[in-house]
Amino acid sequence: MAKASGHLSLLDGQLKDAIAPLLDESGFSRAGQTRLWLRPSLTGKQIHHLVWFQIGESASSQAGRFTVELGLYYPKYDRFCNGRELFGPGIAACHFDLRKRLGFFLVKPEDKWWPYNNGEEQLMKQMADVRKLLVSKGLPWFDETDTPANAATYNTGKLPEPDRLRREAREQALAAKKK
């Protein structure tokens with residue numbers, strides 16, 4: 001357990017040194033002691049941009065790895081989706097069309113999980129790659145996705161018909177691939 005804690009300390013140190021300054025310059029603030037950063041949107045009240053460094057669970061195939069999730073949080077969608085008081089800005093409360101893992105911006109898109117337990121030098125190289133991808137693709141994605149039209153659509157408190165149709169088409173395509 002101490003070894004895993006040491007690796008997480010290395011990861012947190014790299015987040016502080018390599019990632020936090022970039023996100024701070026871009027208007028994000030760290031949410032407490034978590035690995036989540038938030039930035040208010042310009043398109044509406046309580047709408048937030050999220051950057052979350054998710055750690056793989058110890059019992060999963062992603063143990064010792066992290067991924068980077070981006071999302072747009074709309075409070076009215078959160079209330080509609082969760083059927084209760086607001087969950088609050090968090091990746092799980094973002095509409096599936098308004099979430100993206102950083103690895104899907106790679107030349108060959110993939111659900112990328114970077115190891116954080118291969119030593120400090122390797123982690124520094126990976127954080128440089130993550131930072132470069134955030135600058136070139138991740139942060140610009142917010143500008144492309146956080147539009148007044150999306151705010152009007154996703155902050156209504158109901159699932160728009162085009163979203164339902166897109167979701168059904170995706171599910172059908174996945175089912176056809178499995179056959």
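Which residues form one aromatic cluster? In this predicted model, the cluster is made up of Trp-37, Phe-53, Phe-66 and Trp-114. The model is a predicted one in which local features need pLDDT of at least 70 and side-chain atom pairs count only at pLDDT 80 or more, while totals for chains, interfaces and linings use all residues. Residues are numbered from 1 along each chain as its sequence is written, and side-chain values use heavy atoms, with hydrogens and water left out.

Zooming out to the whole chain, there are five helices and six strands (DSSP runs, with H or I over at least four residues for helices and E over at least two for strands, numbered from the N terminus). Read from the N terminus, the order is α-β-β-β-β-α-β-β-α-α-α. Of the 179 residues, 39% are buried (under 20% relative accessible area, with exposed meaning over 50% and partly exposed in between, for a 1.4 Å probe and protein chains only). As for surface, the chain exposes about 10,300 Å², and 54% of that comes from carbon and sulfur atoms (areas by the Shrake-Rupley method with a 1.4 Å probe; for residues, only the protein chains shown count as cover). Contacts (heavy atoms within 4.5 Å) were also sorted by sequence separation: of those between residues at least 6 apart, 58% join residues at least 24 apart.

Strand S3, residues 48–55, is largely enclosed by the rest of the structure, because seven of its eight residues are buried. Strands count as paired if DSSP finds at least two bridges between them. On one side of the pairing list is S2 (residues 36–40), which runs antiparallel to S3 and is joined to it by five bridges; here Pro-40 stands opposite His-48. S4 (residues 65–73) is also antiparallel to S3, with eight bridges between them, and Phe-53 stands opposite Val-68.

Now for the rings. A pair of aromatic rings is described by the distance of the centres and the angle of the planes. The rings of Phe, Tyr and Trp (its six-membered ring) pair if their centres lie within 6.5 Å, and planes under 30 degrees apart are stacked, over 60 edge-to-face, and the rest tilted. The whole structure holds five such pairs. One of them is the stacked pair of Phe-66 and Trp-114, at 5.6 Å centre to centre and 25 degrees between the planes. Phe-66 sits in S4 and Trp-114 in S6 (residues 114–115), so this pair ties together parts 48 residues apart in sequence. Both partners are tucked away: Phe-66 is buried at 0% relative accessible area, and Trp-114 is buried at 6%. Another pair, Trp-141 with Phe-142, is edge-to-face, at 5.3 Å and 65 degrees; Trp-141 and Phe-142 are both buried.

The side chain of Thr-145 reaches the backbone oxygen of Trp-141 at 2.7 Å. With a relative accessibility of 10%, Thr-145 counts as buried. Leaving aside residues up to four places away in sequence, Thr-145 touches Leu-72, Leu-98 and Asn-150.

Pro-89, in the loop between helix H2 (75–82) and strand S5 (99–101), is partly exposed at 32% relative accessibility. Not counting residues up to four places away in sequence, Pro-89 touches Leu-36, Leu-38, His-48, Leu-50 and Tyr-73. Its C-alpha atom is separated by 8.8 Å from that of Gln-46, 43 residues away along the chain.

Notes. Polar contact = N/O pair within 3.5 Å; in protein donor to acceptor, adjacent residues only side chain to side chain.
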